[in-house]
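Thanks for coming. I have one model to show today, and I will go through it piece by piece.

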Amino acid sequence: MPSARYALVAYVRNPVGKFVEKLRRELHPTLPHMPAHLTILPPRELEGSEAGAVEFLAEACRHIVPFSVELGEVDTFLPTTSTIFIQVNRAASRMCELHSELACKELCGREEWPYIPHLTILKAENDEQAEAAVVLARERWGQFQGLRQIQVDELTFVREVNGHWEDVAPLPLGRGQLSSHP
């Protein structure tokens, strides 16, 4: 039996998130999706216990100052993977710092790819589907009229069960002594 995988995300519940979820349904209506999110820690097996990981994250998140992310253009990771995403322009370095700070203790795990902050739109089934989808995604994103910003004030620790992701723990940011990071 394979081990459970865990990730740390910031859900996007504003108009940008609604846009991404609608676009996913348009691009691939039969594919199940996790709600729109920014990934801080990509999927991994835990080095320790789930309870230990939650305890570590809860304490760490108490000291993380909430921050705002500004989104850029639609792009793809082709030819490496068939993922279509929206770039993170402002606060990408902050997301990289969080990734480095939190990928330790129970959460120290092997990552398949280098960490690049982004908002996933779709993981296509193949390169051809991705090439077609990125064209439409760029067109739709160009028509988006809302603010291209996301306020990150809570992270969520999630667990993969039978190919579906479920929330383990919400982790509010900045409830303790605030860090000096911008």
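First, the ground rules. This is a predicted model, in which local features need pLDDT of at least 70 and side-chain atom pairs count only at pLDDT 80 or more, while totals for chains, interfaces and linings use all residues. Residues are numbered from 1 along each chain as its sequence is written, and side-chain values use heavy atoms, with hydrogens and water left out. Helices (DSSP runs of H or I, at least four residues) and strands (runs of E, at least two) are numbered from the N terminus.

Now the pocket. A pocket here is an open set of points on a 1 Å grid over the protein atoms alone, where a 1.4 Å probe fits, with protein on both sides within 12 Å along at least five of seven lines. Its volume is the space filled by probe spheres set on the points, which are joined across faces, edges and corners. The largest pocket comes to about 1400 Å³. It is lined by 39 residues, and Arg5, Pro43, Thr83, Thr120 and Lys123 are the closest to its centre. To count as lining, a residue must have an atom within 4 Å of a point. Strands S1 (5-11), S2 (37-44), S5 (118-123), S7 (154-161) and S8 (164-172) each give at least two residues to that lining. By type, the lining has 18 nonpolar, eleven polar and ten charged residues. Nonpolar means Ala, Val, Leu, Ile, Met, Phe, Trp, Tyr, Cys and Pro; charged means Asp, Glu, Lys and Arg; the others, Gly among them, are polar.

Next, helix H1, residues 15-27. Which residues of H1 are buried? They are Val16, Gly17, Phe19, Val20, Leu23, Arg24 and Leu27. Down the axis of H1 these fall within an arc of 155°, so they line one face; the arc is taken from the directions from the helix axis to the C-beta atoms. Buried means under 20% relative accessible area, exposed over 50%, and partly exposed in between, with a 1.4 Å probe and protein chains only. The face turned away carries Pro15, Lys18, Lys22 and Arg25, which are exposed. The cover over the buried residues of H1 includes S3 (67-76), S4 (83-90), S5, H4 (127-143) and S6 (149-152), where contact means heavy atoms within 4.5 Å.

Helix H2, residues 50-62, also has 13 residues and reaches 18 Å, close to the 18 Å expected. Gly52, Ala53, Phe56, Leu57, Ala60 and Cys61 are its buried residues. They too sit within an arc of 155° and so line one face of H2. They pack against S1, H3 (92-102), S7 and S8. On the other side of H2, Ala51 and Glu55 are exposed.

Last, the backbone. Most residues other than glycine have a negative phi, and most peptide bonds are trans. The Leu78 to Pro79 bond is cis, with omega near 5°, and Pro79 is in the loop between S3 and S4. Lys105, not a glycine, has a positive phi of about 50°. It sits in the loop between H3 and S5 and is exposed at 56% relative accessibility. Asn162 likewise has a positive phi of about 50°. Asn162 lies in the loop between S7 and S8 and is exposed, at 74%.

Note on methods. The expected span of a helix is 1.5 Å times one less than its number of residues.
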